[in-house]
Amino acid sequence: MSVAVHFDAIRKDFGPVRVLHGVSFEIAPGRIYGLLGENGAGKSTLMKILSGYETATAGEMRIDGVPQVFGNSRQAEAAGIVLIHQEFNLAEHLTIAQNMYLGHEKRRGPFVDDVAMRKDAARYLAQVGLTISPDTRVRDLIVAEKQLVEIAKALSRNARLLIMDEPTATLTPGETARLFTLMTKLKDDGVTLLYISHKLDEVEHITDEIIVMRDGRFITREATANVTRQQMANLMVGRELSDMFPPRNPPAADAPVALKVSGLTVPGWASELDFEVHAGEILGFAGLVGAGRTESFEAIIGLRPRSAGQIEMLGRPVQLKSPRDAVRHGLTYLSEDRKGKGLHVNLPLADNLTLMTLERYAHPWLSLQAERAALRQAVAHFGIRTGDLDLRARMLSGGNQQKLALAKVLHPDPKVVVLDEPTRGVDVGAKRDIYFLIHQLAAQGRAVIVISSELIELIGLCHRVAVMRGGRLQTMLGMEQLNEEELIAHATGTH
Amino acid sequence: MQPAHTETGSTRPSLQRMLRHVSSLGPVLGLIVLCIAGTWLNPDFATLDNMMNVLTRTAFIGIIAVGMTFVIISGGIDLSVGSMAALIAGSMIFLMNKLVLAGTLSPLAIVLTGIALALLLGAAFGAIHGLLITKGRIEPFIVTLGTLGIFRAYLTYLADGGALTLDTALNDLYAPVYYASLLGIPVPIWVFLIVAALGTIILNRTAFGRHVQAIGSNEQVARYAAIRVDLVKIVTYMFLGLCVGIATVLYVPRLGSATPTTGILWELEAIAAVVVGGTALKGGEGRVIGTVIGAILLSVISNILNLTSIISVYLNAAVQGFVIIIVAFLQRSRH
Amino acid sequence: MKRFTQVLGAGVLALAFGAISGNAVAEKVTLGVSIPTATHGFTGGIVWWAGEAKKELEKKYPDLKVIIKTAGGAPEQANQLQDLVTVNKINALVIFPFESASLTQPVSQVKSKGVYVTVVDRGLTDTRAQDAYVAGDNTAFGKIPGEYIGKTLGGKGNVVALRGIPTTLDNERYEAFQTALKATPDVKILDAKYANWNRDDAFKVTQDFLTRFKHIDAIWAADDDMAVGVLKALDQAKRTDVKIVFGGAGAKGAIKTLMDGSDKRIQANVSYSPKFIYDAIKLTAEARLKGEALPAKTIIPSVLITKENAKQFYFPNSPF
């Protein structure tokens, strides 16, 4: 049986702040819904209420016509409602089977019945199309596999309504396609799916209906077939959104080579990599997860050992043994893993901003005023939305955290900046801000390298795109050669 | 750049900040409550002499705890400080007595040599810890658990299982370092204040201090942000070792001796002071001033217990345990 | 040449026989000694005196082998007992137990293997587990200072006391001290606090006693280590009301002070020397070499030490 949900004037207050202003709409069973809205629109809060992680301050939620209040996620699971978080809830050191039954272990007498759990886990893994032993430890899985494990786990709990928060944010196109096949199959089995995503092309492709929220309110609900992507984006931001990407001005013909890498080999990840990027140029890096893009750049800035290769900056060979050397030579790197490697989420904004060039503020005592002035300037320049300059970074929304992370790697005033997945988990508005910023950086004469899994982004943004596969550079595509088919063909080796 | 689009920042900054404020006052509140209780139980508690006694004896643990604050904020721990203090004290006395026998140096020079040795040994022991932890990639808990045993065993060996006692004449010369007062305040309190003030400034107003916090908050992020993580960690352990050296320099003239019980359980008292003072045991953030208050709070408890007989002597240790837990509870909402 | 070989052969034979017959006459004694590790002055003394006994006795009796094991806690001590029996094959044991209760069973296991057991200082809870018991006099340890303070103060005055670590041993001493003072009802015990037989803790506790009590006539420090802390605290507070500081156990430094008369607050001490481990080892070894048994209970008496008899309690080479 599928589940029908009816929200009636749901309100949610955090202290004095109201984040949901009486939201009402219903969800019919057995369909795929796209839930759209910018960061802070209230969609996550609403979904947390539905899945038992939060309770509404006022209003009523009816499941199959019966008013329900879930005190915790377990009660919601009992009603067949499961939320899959964007950051997975898996214990890295346990096996797949152990994770799937965590807190719901099957027992035989006083003992845990491992045999039965392994058998069942294998069945659910097969159902989601994952051919892997249930005894594999989760830490050995790639992101896409973890995603599938989460879905299998939900199925093992008899999920009838599945909420997926940005499930494709870290997936490659191929993996995304497989996930969509699975979603369609689940729908056919009678599962209702609520799909939260910023990727409007995917929403257009997979959903039956879209529900748009803005500023804690329900805005509209439409059959997906009746709206274009442009209209979706407009509905989300509440005004006309002009073109996402600024016009591209090619770098000057005589622009110097800002970074030249030759013969770079990173044991286990990349071999014989050659490329160069000019001042004022935006160079994209495409490839599947595991193609060695991130690892190559980590090796360039000295975070990983490299076994061969030369690096030249502005025509002079440089020795980069640590990120510190890289910063000193004018090369900085923005990690794809914002919370794990990019930002100190528990530290204040200013501390994050100035961390890479703290010497600039220490004479020898740190000048807190100067740091604060720098933060104020960065907040204005990068459009970081924060009411209070003393906040911890974790209190910013995803898009604003990303802007802060960008401000941080740009703070040392680098000549070459490497941006790894610069718009991951960021809403449409913030994305557009970031694209304009990247162009501005290029216009200032910096070389910008963008590593991205979003093909649209690479196509719309870059002057040239390098495609990597299996640790090797497959091809270098010029602006006029950039299209999705070409990129996918090179990335997957089906050219 | 185009105008930014709307994204709401934090939804409840004022509330959060208020809470942060109240909870950071936890140890201070605890200390005030204890002082009121102490005065009520025994009016002698509030006398200047008693205050000076308490602060003076807090100085050793307090100075060590300031160094420990850095190590804990950086995400490390040092269990060896008590044993380290004992070994440094023993080595100092051993060397000074030998120099007296040699008879070539003036007594003052001998005392100064002893002090130099203490500081040098502290920094050296800290450097060894730091190197084993960073380059040797051994957990700090294990490294310092190992040296905890090693340091104390060597002290016991130096002392032949008994006591190492400083030459009487030297002790008379050296005694003022513990017993003398400057402007009515005993020397150890001055040193404690100076170390605490330096610690505060280093932690909050230098690049090194900021790097320590960044490493403890998230070592990976720090590494990606071009911080020399290993070097910063080694320096935190050296700083702690130096603090232990300073504490020992103050400690030796008090009794003029080192025994195998010297500094026993100091590591736990120092760690308790740091944590009661509001530094997270898992690292990332903390305050030197909190540590100072934590250290004073702990010695005030035993002072009050000594000044009264309302609680069975068998339960004295329990009182300290209760206070630690209550103070920790008061500041639990910080995260 | 042939003759020479014969003589040599006879000599070798004689030597071999001699060795065998020697074994048959006097039984070889392998004596295990199990004591705490040196963690403070007193146990430091125990370790030193045990070492002295080993040196002296092994030199004197070629048939004696002494094996000393030190342990950091009761469980470790119990493990060492097993090793002594199975690995070192001891046939006599002198043990200074960490705790009475938890070591009774392990010791009785050793005895059941036919090992002769002498228990030192702390009696076991079941006396059947031991053959002999050698101990210092804990009652006298508390009684003598009680009587001395009562008498010296002329039957009137204020006393504070320091205690060691909560143990039965400490209780015995403190109770004896209280009982002795009952004879002089006007000598009041103001309070007693634990200072863990530790100089630093004694210093702190005394500081607080001095803050709390404006007039104190005598302090029973109950241990020479703790007396060091007490004296330092008195000097720091410049308190002259305290006329007597009574330590205990007769540590080297304390006896020296007494002999030299260098501190007028220290006029007496009570003996409780770690030397009793030496006595116990010596008594046990000599008795076993002769195949004899010790009396079931030997008490090494604690006596009042004053300037007059101090010399006989002074062992400059001992660390204690």
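**Strands, a sheet and helices**

Author: In chain A, S18 and strand S19 (residues 416-420) pair in the parallel sense over four bridges; helices (H or I, at least four residues) and strands (E, at least two) are DSSP runs, numbered from the N terminus, and two strands pair if DSSP finds at least two bridges between them. This is a predicted model, in which local features need pLDDT of at least 70, side-chain atom pairs count only at pLDDT 80 or more, and totals for chains, interfaces and linings use all residues. Residues are numbered from 1 along each chain as its sequence is written, chains are lettered from A and ligands numbered from 1 in the order in which they are written, and side-chain values use heavy atoms, with hydrogens and water left out.

Reader: Which residue is the bridge partner of A:Thr332 in S19(A)?

Author: The partner is A:Val417.

Reader: What is the order of the strands in the open sheet of chain C?

Author: The six strands run S2-S1-S3-S4-S5-S11, with parallel pairing. Strands S2 (64-71) and S11 (297-300) of chain C are the edges, each pairing on one side only. Within chain C, S1 (residues 29-36) joins S3 (residues 92-95) through four bridges in the parallel sense, and C:Val33 has C:Val94 as its bridge partner in S3(C).

Reader: How is the packing of two helices described?

Author: Two packed helices are described by the angle between their axes and the distance between the axes. In chain B, helices H9 (residues 187-205) and H12 (residues 229-255) pack at an angle of about 170°, with their axes 10 Å apart. Axes are lines fitted to C-alpha atoms, for helices over the stretch in contact, and angles run from 0 to 180 degrees between N-to-C directions. H9(B) and H12(B) are therefore roughly antiparallel to each other (over 145 degrees; under 35 is roughly parallel, 65 to 115 roughly perpendicular and the rest oblique).

Reader: Which residues of H9(B) and H12(B) meet?

Author: B:Pro188, B:Val191, B:Val195 and B:Ile202 of H9(B) meet B:Phe239, B:Cys243, B:Ile246 and B:Leu250 of H12(B), contact being heavy atoms within 4.5 Å.

Reader: Why is H4(B) described as largely enclosed by the rest of the structure?

Author: Because 16 of the 22 residues of H4(B) are buried. Just after H4(B), B:Gly103 takes a positive phi of about 75°.

Conventions
Buried < 20%, exposed > 50% of the residue type's maximum accessible area, 1.4 Å probe, protein only.
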